[in-house]
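Please look over the structure below.

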Amino acid sequence: MAPMAYLDHAASTPMRPEAVAAMLPFLTERYANPSGGHALARDARRAIDEARDDVARCLGVDAGEVVFCGDGTEADNMAVFGVMRRAGDDAVAVCSAIEHHAVLHPVEHTGGRVVGVDRHGRIDLDRLADALDGSVKLVSVMAVNNEVGSVQPLAEVAALVRERAPDALLHTDAIQVHQWLDTAEVCRPFDLASISGHKFGGPKGAGVLIVRKGVTLEPLVLGGGQERDRRSGTQNVAGIAALATAMVSTAESREVEVKRLGGLRDDLVDGLAATIEGLVETVPRDHKVAGNAHVCIEGVESEAILYLLEKGGVFASAGSSCSSGAISMSHVLTAMGVEAPVGIGAVRLTFGWASTAADVERALEVLPAAVAQLRRKRSP
Amino acid sequence: MSSWLVAMSGGVDSSVAAALLRAEGHEVVGVTMKLWGGASDTGCCSVADVDDARRVAQQLDIEHLVFNFTDDFHARVVDPYVDAHRRGRTPNPCIECNRHLKFDRLLLRAEALGFDGVATGHHCRIAVRDSVRHVARGADRAKDQSYVVHMLGHEQLERICFPIGARTKHEVRRLASDLGLRTAAKPDSQDVCFITSTGGRAAFLAERMSTRPGTVVDATGRVVGHVDAVELITVGQRRALGGSGGAARRFVTNVDVDAAVVTVGELGTLAVERFELDGLVWSGKPVTGDVLVQCTAHGAVHPARVRANTVEWLAPQRRVAPGQSVVLYDVDDEIVVGGAFAA
């Protein structure tokens, strides 16, 4: 197979081998339902309890505050609807304009308020202050933006909300955090936080919602009362065990990896900026996480660039994809005030635990050549 | 071997077009254009059609891409469609989509990405006469689509192919069925993709333009009825003209949007001996003299003589609605020699 560079870790990461190993027994011999009463069931139950302890330790919370669920989107929905359905008819939810659709759409669905961001993709605190009042019962601001990588000023957000909307619960979509920042630290001031396993070497189909003690949510899924009645349904034991393993590995190697991957990211962006005219780094590096290289390239279109990247063995992404697979200028760039001619040339290259210097070399060979080809032909 | 970007709509014709090119050993990549973001009969973003196209591509073991051309589709197809109605003209959005999207933007994109050209599932062929490429009738005359791609000229046709043009629809469906393609029995699309069957044209336009009620008069100027929206009336129409029934069947013979007056008459009064063309483009050398003329997508052809911008029917024909595409074929009814709009 031709050399390939996977630079789409913000979309999903390859699973860490130890996470795969942690998962396999529950797909084979340890198959029992963890809710059962017999020894095999207790064995599965124990795996979940151990995983819950590991996750709690990594996130700086009590085990009872960890709710396992299907994925990040479900965690976000549990938070928004779980709060708002208990909050009364006049209650208002607030979120930032660059939230993942898993938060944005639920907040919009409840008729909530959406707060703008600055040109670096950080929530505008003045506008947030304006949006807050006594009717606000939930504020959801993501910790790290999935597209452009901008880190949100969560401590300031929390302080502002506590002051202006003291009854509001605070939720953060922390799905892009764990690989890059100490999730426990980032989420500390928040009542609710969403995590997704496949963003840091765990499996798809496993997520966590942190629910602080004293916070009660209306459950979205009713049934057997698993997860202390907060999320019914037989737990995904294999997924939960693997998520916890990947989370622990990621936390242990984080310090070293952030340096290593940040260096690779810098090499890549510096190299691209040196060879491609009209390339703009969407968010300055000191405002974003180490593994994100989001750039906008003038005079080309994402769809065309991504195809040529793929032909050259480089796998990246652009704006948000709709369910048809079509790429459009993302709501994140629009909210940041990026003009369409620049924003339609967006390319997101994201690093993860499996990235190497060879990936950077490959991308530096392929991307400038692709841009040159499209500019020669004046890509429509 | 050459490389083709195949426009796959999710229908049976483009599915088989891709399959045939693949079977011939060409490098083939399928692409579905996302054109319309609003409501449609096949769901938001036509996701169901994209699913069909992608699954067929997987079955054929070719790559499948989705290109988002909604911006151009709006600017070049939908907005002009609304504007034409506002001016009382009869637009053909499918032809404009072919002109501006499939065979312009997509073709340019294909070239930029290094493909030799674009293939589509149209029922038509390419023929060379005097070293000039022309769009030619498809083998299945009942399904022929040369009318809707008539605007393609020599240069473009060098980079376009119509893999199913030499086959009948029946053969195409049988091939799809033999290959086990999920689109084998899918019904043909008939209608404008952005007009839903529930809302219809009137509802679509009502959201995008203001309409005015109009007076219906006969040839003498006597008022015989009223219509709700004069902009939605087309020359040749005979339904929904208000007024009392019982009289001889009346057809629209003229629409004056500015004055909000619709003139009607009996079928005989609709007939004209000649009409003028707008924006006439010849496929090869300009033609003077005998041609065959087609004025609707699946309408009959009638013999005429063309001189400069005037079409003279050999026998009087129904008046062609202004804005309608007029396609000129050679006297053997094999190739497109020119195309224009009815003035």
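## Chain A: make-up and dimensions

Chain A holds 12 helices and 12 strands. Helices (H or I, at least four residues) and strands (E, at least two) are DSSP runs, numbered from the N terminus. This is a predicted model: local features need pLDDT of at least 70, side-chain atom pairs count only at pLDDT 80 or more, and totals for chains, interfaces and linings use all residues. Residues are numbered from 1 along each chain as its sequence is written, while chains are lettered from A and ligands numbered from 1 in the order in which they are written.

Along the principal axes, the C-alpha atoms of chain A fill a box of roughly 65 × 55 × 35 Å. The radius of gyration of chain A is 21 Å, which agrees with a compact globule, because 380 residues would give a value near 21 Å. That radius is taken over C-alpha atoms, and the globule rule is 2.2 Å times the number of residues to the power 0.38.

## Burial and contacts

Of the 380 residues in chain A, 54% are buried. A residue is buried if 20 or more other C-beta atoms lie within 10 Å of its own, exposed if 12 or fewer, and partly exposed in between; C-beta atoms are placed from the backbone. Take the contacts in chain A between residues at least 6 apart in sequence: 71% join residues at least 24 apart. Contact requires C-beta atoms, placed from the backbone, within 7 Å.

## The largest nonpolar core

The largest nonpolar core has 222 residues. A nonpolar core is a set of buried Ala, Val, Leu, Ile, Met, Phe, Trp, Tyr and Cys residues joined through C-beta atoms within 7 Å. A:Leu209, A:Ile210, A:Ala241, A:Ile305, B:Val6 and B:Ala18 touch the most other members. Helix H8 (residues 237-275) of chain A gives the most to this core, with 13 residues.

Leaving aside neighbours within four places in sequence, the contacts of B:Val6 include B:Ala18, B:Leu21, B:Val28 and B:Ala119.

## A four-stranded sheet in chain B

An open sheet of 4 strands in chain B has the order S9-S8-S11-S10, with mixed pairing. Strands S9 (223-227) and S10 (251-256) are the edges, each pairing on one side only. Two strands pair if DSSP finds at least two bridges between them.

S8 (residues 214-217) and S11 (residues 261-265) of chain B pair in the parallel sense over 3 bridges. Here B:Thr215 stands opposite B:Val261. S8(B) and S9(B) run antiparallel, joined by 4 bridges. B:Val217 stands opposite B:Val223. Their hairpin has 5 residues between the strands, and B:Gly221 takes a positive phi near 95 degrees.

Notes: Two residues are in contact if their C-beta atoms, placed from the backbone, lie within 7 Å.
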